[in-house]
Amino acid sequence: MLNILAVGLGGCVGSIARYLLSQLIQQKLSLAHFPFGTFCVNFLGCLLMGIFAGFLSDKPDFSGTAKLFFATGILGGFTTFSAFGNDTINLFRDGNITIGFVNVVAHMVVCIGAVAVGRYLGAMLP
């Protein structure tokens, strides 16, 4: 139960941070049509996930609940792209290069395709 609470509370913090930072960046670059707010949040989330994973790589005694709070909760709520990035790097690091590239292509093609299909289906709803 503590793990679920840690993820939920961290997710709340991360989601609010994502919204505020993304809005702030997009407002500052209001003339740009590129979604800089989302891009910057994804970049920052991936950078923070890498720092966190690197920091923990030699600290096996770090609390599992604390890991869940920071990585799955805060950073997962901030951007799931950070989890995708970390999973991909783990695949590469473990020698699963092909699977790593399949992961990248699958996320880009399948997930963006799912958004397109979802938008089409959503538009059909009464």
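A: Setting aside residues up to four places away in sequence, L75 touches G45, L48, M49, F70, T80 and S82, where contact means heavy atoms within 4.5 Å. The model is a predicted one, in which local features need pLDDT of at least 70, side-chain atom pairs count only at pLDDT 80 or more, and totals for chains, interfaces and linings use all residues. Residues are numbered from 1 along each chain as its sequence is written, and side-chain values use heavy atoms, with hydrogens and water left out.

L75 belongs to the largest nonpolar core, together with M49, F52, L56 and A71. Such a core is a set of buried Ala, Val, Leu, Ile, Met, Phe, Trp, Tyr and Cys residues joined through side-chain atoms within 4.5 Å; buried means under 20% relative accessible area, exposed over 50%, and partly exposed in between, with a 1.4 Å probe and protein chains only. Two or more residues of this core come from each of helix 2 (36-56) and helix 3 (64-78). Helix 2 gives the most, with three residues. Helices here are DSSP runs of H or I with at least four residues, and strands are runs of E with at least two, both numbered from the N terminus.

N86 is found in helix 4 (residues 80-93) and is buried, with a relative accessible area of 19%.

The 27 residues of helix 1 (residues 2-28) should span 39 Å at 1.5 Å a residue, and its end C-alpha atoms are 39 Å apart, which agrees; the expected span is 1.5 Å times one less than the number of residues.

The whole chain gives the setting. It has five helices and zero strands, and buried residues make up 21% of its 126 residues. Among contacts between residues at least 6 apart in sequence, 56% join residues at least 24 apart. Along its principal axes the C-alpha trace spans about 50 × 35 × 35 Å. The chain exposes about 8,700 Å², of which carbon and sulfur atoms supply 74%; these areas come from the Shrake-Rupley method with a 1.4 Å probe, and for residues only the protein chains shown count as cover.
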